[in-house]
Amino acid sequence: SLLLIISLSLPGLALLGYLFLAASRLKWEGTEFFQSLSIVSALGVLVNYSLLLIFRDLGLTLAISGLGAGLGLILAAPRVRRLAKARFDWPRAVFLSYLAGLYGLRIISGPIEEWDPRSIWFFQAKIIFFRGALDSAGWNDPLIGFAHVDYPKLLPGLAAQVMNAAGYWNEFLPNWSLALILFPALAGLVSIIRLRPSSGLFAGLVLFASGPWLWNGYLDGPLALYAALAVVFIGQWFSRRRTGDLVAGLVSAGMTVNLKNEGLMLVLALVAAAFPLLLLDARQRVSPDRTQNLVGKFLFLAAVFSGFFLWTGLKQAWGLDNDLLSGTGLGPRLRQTLSDPTAVKLILSTLLFKSGLHVSLFFAALAALGAGLFGHRPGRAALVPLLTLLISFCGLCLVYGLTPYDLQWHLDGSAGRTSLPLMTISFGLSYLVLAEAEDHLAGGALETKV
């Protein structure tokens, strides 16, 4: 039906996101177009996910999302007319279209082949599709323990909705859900690109490092891209105080925490990095402006993060546990690993060198050195990815220290993927250091308060 088609199209999801953003009445109207496009399209994906977790039924959720997109169109019509009269940034629009077409065609041109997509994400999607709902039945069956049923259902739920709209299951169409998830991140990346070397370098390094992980069905690539966008946008907000940066950073963090379990560690690291900066910032003292529109701010945060809390509650109610929590107690397991110098060396050497993380750290060191040569010392913006990177690295080491599996096997099979977000965050650090230096030379634009 028309509602199903609308709710699962990129414009439909963007309009659904715009509906909730407009309802929150946040002051984001001056946000740059491509950043706005990233915000509303990602927010639409998150709202649709929350609706699925609330109503469970695929058809009902699609109908509600479609109606929400229709309401969003009514609210967005005046803004669209104003945009039509404004000067449009065609070069970046063409570049975004190129990226979306390139990755979109690569995603949907082949069947689901790799282990994780076939046996975890899209296997879960197939269960939801054939049941017609995301309910509790069957997830505790020991025969499907290999599918990591406690993982977030953002991609599986969206893929099941796509196939519910199609009316059948095959090995090609479910991939469209991955394209829907990836597009907001590409729009966010394009929004950063400016006529300066640092932004182009950042975009190129992130896309090159992510490589096939952005299209092969694994979620590590999109996770790494959203994690990098989250730290960059939040870092920029600390410097220039633009509401659009804060909104984009929070939405990117929402996508990060709802894509994979690893996203929770990354977002907690980001919160831990930002919190002391907020405390140290004298301008964060409570003022009348910051206490206004509390209902709208709560609505926005609920739209961004409710999916995570809803799924956390459901999996606890259904008794779905993470495999890392199996086996002996966590404390004895961690003490055993930390007391073994060989195991500690293996974790550090694998994450730092075999995964390629050292290359991105080298770029960050070069960026800091280059900025220093021009007499600029990195400011608050760069502290966000730096602290997030350090905390996330410690957290990832802790995760491998807690593994109930053979450590060598676990590292060989996953370290190259799980360290990818650390690499892109490190590239985000390099970008913010260089961008601050460029703006310092040009008169301090990044530090300008808007």
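**Cavities and helix packing**

Analyst: Let us begin with the largest cavity of this predicted model, whose lining is made up of Asp220, Leu223, Lys260, Glu262, Met265, Leu266, Leu396, Arg417, Thr418, Pro421 and Leu422.

User: Which elements give two or more residues to that lining?

Analyst: Those elements are helix H10 (220–240), helix H12 (262–280), helix H18 (407–418) and helix H19 (420–442), and the largest share, three residues, comes from H12.

User: And how much space lies in there?

Analyst: The largest cavity holds about 60 Å³ of space, and by class its lining has six nonpolar residues, one polar residue and four charged residues.

User: How many cavities of 30 Å³ or more does the count come to?

Analyst: The count comes to two, and the second largest cavity holds about 50 Å³ of space.

User: What lines the second largest cavity?

Analyst: Its lining consists of Ala227, Ala230, Val231, Ala253, Thr256, Leu266, Val267, Leu270, Thr388 and Ile425, with at least two residues supplied by each of H10, helix H11 (243–259) and H12. When these lining residues are divided by class, eight are nonpolar, two are polar and none is charged.

User: OK, on to packing: at what angle do H11 and H12 pack?

Analyst: H11 and H12 pack at an angle of about 145°, and their axes are 6 Å apart. In this contact, Ala253, Thr256 and Val257 of H11 meet Gly263, Leu264, Leu266, Val267 and Leu270 of H12, and the contact has six nonpolar residues, two polar residues and no charged ones.

User: Now a new pair: at what angle do the axes of H15 and H17 cross?

Analyst: The axes of helix H15 (residues 341–354) and helix H17 (residues 380–401) cross at roughly 130° and come within 10 Å. Because of that angle, H15 counts as oblique to H17.

User: Is that crossing left-handed or right-handed?

Analyst: H15 passes H17 in a right-handed crossing.

User: Which residues meet there?

Analyst: From H15, the residues are Ile347, Leu348, Leu351 and Leu352, and they meet Phe393, Leu396, Cys397, Tyr400 and Gly401 from H17. Divided by class, the residues of this contact are eight nonpolar, one polar and no charged. To link this with where we started, Leu396 of H17 is also one of the residues that line the largest cavity.

Definitions and conventions. Residues are numbered from 1 along each chain as its sequence is written. This is a predicted model: local features need pLDDT of at least 70, side-chain atom pairs count only at pLDDT 80 or more; totals for chains, interfaces and linings use all residues. Side-chain values use heavy atoms; hydrogens and water are left out. On a 1 Å grid over the protein atoms alone, a cavity is a set of points where a 1.4 Å probe fits but cannot get out, and a pocket is an open set with protein on both sides within 12 Å along at least five of seven lines; lining residues have an atom within 4 Å of a point. Grid points are joined across faces, edges and corners, and a volume is the space filled by probe spheres set on the points. Helices (H or I, at least four residues) and strands (E, at least two) are DSSP runs, numbered from the N terminus. Ala, Val, Leu, Ile, Met, Phe, Trp, Tyr, Cys and Pro count as nonpolar, Asp, Glu, Lys and Arg as charged, and the others, Gly among them, as polar. Axes are lines fitted to C-alpha atoms, for helices over the stretch in contact, and angles run from 0 to 180 degrees between N-to-C directions. Angles under 35 degrees count as roughly parallel, over 145 as roughly antiparallel, 65 to 115 as roughly perpendicular and the rest as oblique. A crossing is left-handed if the near helix is turned anticlockwise from the far one by less than a right angle, and right-handed if clockwise. Contact means heavy atoms within 4.5 Å.
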